[in-house]
Amino acid sequence: MHAKADQRIRVTLTLNGRERSGYAEPRTQLCDFLRHELGATGTHVGCEHGVCGACTVRVDGRASRSCLMLAVQAEGRRLDTVESLAGEEGLSDLQQAFRRHHALQCGFCTAGILMSCEEFLSRVADPSEALVRDMLSGHLCRCTGYTGMVQAVLEVARSRRLATGPDSQQENNDV
Amino acid sequence: MKPAAFDYLRPSNRREACERLHEAGDDARLIAGGQSLMAVLNMRLAQPRQLIDIAGIEDLHFIERRDDHLAVGAGVTQAELLEYPGLAEAVPLLAQAMPWIGHWQTRNRGTVCGSIAHADPSAELPLCLVTLEGQVVLENRRGKSRRVMAGDFFQGVLTTDRRQDELITEVRFPLARPGLEYRFQEVSMRHGDFAIVALAGVIDGARVTLGVGGVADRPVCRVFDRHEDPGETLNAFAWSLGAEDDAHATAAYRRQLIRERGRELIAGGPSDEEIAHARQG
């Protein structure tokens, strides 16, 4: 494949369980493609060089910076964004825990943080606080000071463990 | 910012990737995970005419444990290598050092070979590869491959021995040898930031190989005798690296870290892992 710089290329991917297509130039960042082309504006764009983590989405399950990825690189991939979290019955358990623990204030960074936390929880069933903080170190939040997020993640990890029982660890079921 | 415009090429095999590299000359950049390159493109510090994406080349996606080394293909992400079963036993230095690379979220996409190719002087993987005396395997458009010792591969800031039509196909980390100890330490402003000083050590009885990253224009190694007071040799080593002041630390602070952390590492003091563990209680 050789796409010219000004060429608009058709990109097809699975966004939150639905197949979606749109057009992107080679240089179009994935975050801009999601927002401007597919209208999925839940993902926020912060620093555009991989530092702040606001634009984090899950690519084939893995939390990734959507500003450090081109739309054309997402061809055929499974993408999950913050829009995938809440269901018919309302906010997800993680979102509710964020609300309970005041883990957000302005909310700009939250869309990305939730996607990191979801991947983290799917792979680490019983995390230590240090490990949660290490995972959150990939995100910048200027409102909260992170304490509420740490509490929310630990609480959800605990409640999910109780719900699945001690014998059915969910570690690595997403890789 | 947004990247400047470029053509996007997605070759289906190694040979084609090398051909495209050869045709494009200095105007092309390879991309795999893009966790360093995309930031550089977004800030327009680099404006290549062509971007050649090798992430889809199937046969670059392997981790193989061979007789005396662990081979990591150019398609392997840092997260995948960290999750490789038995990494701590096969190459313990990597198991200690890799959690220091960027963040969970960047390790998910950043590749091992990409970090080697990028050759940032403060990066953890080049330091490990040099300290362990590993190798870089490159292939050109004629399908000819060559191996380069890590110590010869890194030639300066973001500068390597890779030739224009060559692709790094794999890197080889020597397997741990019984009885040897491996240690890694890093000092940075915050975990995940660029290293102010990173140290890697291989302790072979009285012989200690100490590698230092984040100070000179590339990772540099020196061998120490554990029975001798390393004070003066460490000081000379620290001065020889040509440390410079920057926004994060002064040159004097960098030299001091090499002297103090280096002494600790040579003496076989606690590794960062042990310190962190002790802190957690």
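**Entry 1: ground rules.** I am working with a predicted model, in which local features need pLDDT of at least 70 and side-chain atom pairs count only at pLDDT 80 or more, while totals for chains, interfaces and linings use all residues. Residues are numbered from 1 along each chain as its sequence is written, chains are lettered from A and ligands numbered from 1 in the order in which they are written, and side-chain values use heavy atoms, with hydrogens and water left out.

**Entry 2: H2(A) and H3(A).** I looked up helix H2 (residues 93–100) and helix H3 (residues 110–123) of chain A, whose axes come within 11 Å and cross at roughly 125°. Helices here are DSSP runs of H or I with at least four residues, numbered from the N terminus, and axes are lines fitted to C-alpha atoms over the stretch in contact, with angles from 0 to 180 degrees between N-to-C directions. The angle makes H2(A) oblique to H3(A), a word kept for angles that are not under 35 degrees (roughly parallel), over 145 (roughly antiparallel) or 65 to 115 (roughly perpendicular). The contact (heavy atoms within 4.5 Å) is made by A:Leu94, A:Gln95 and A:Phe98 of H2(A), and on H3(A) by residues including A:Ile113 and A:Cys117.

**Entry 3: H3(A) and H4(A).** I then turned to helix H4 (residues 129–136) of chain A, which packs with H3(A) at an angle of about 135°, the axes being 10 Å apart. H3(A) and H4(A) are therefore oblique to each other. From H3(A) I noted A:Ile113, A:Ser116, A:Cys117 and A:Phe120, which meet A:Leu131, A:Val132, A:Met135 and A:Leu136 of H4(A).

**Entry 4: H3(A) and H5(A).** Among the residues in contact are A:Ile113, A:Cys117 and A:Phe120 of H3(A), and A:Met149 and A:Arg160 of H5(A).

**Entry 5: chains A and B.** Finally I looked at the two chains together, where the contact takes 36 residues from chain B and 36 residues from chain A. Chain B and chain A bury about 3100 Å² between them, 50% of it on carbon and sulfur atoms; buried area is the accessible area (1.4 Å probe) that two parts lose on being put together, summed over both. Across this interface the rule finds five salt bridges, each a side-chain nitrogen of Lys or Arg within 4 Å of a carboxyl oxygen of Asp or Glu. I also noted that the side chains of A:Asp32 and B:Lys2 meet in a salt bridge, at 2.6 Å from N to O.

Definitions and conventions: Helices (H or I, at least four residues) and strands (E, at least two) are DSSP runs, numbered from the N terminus.
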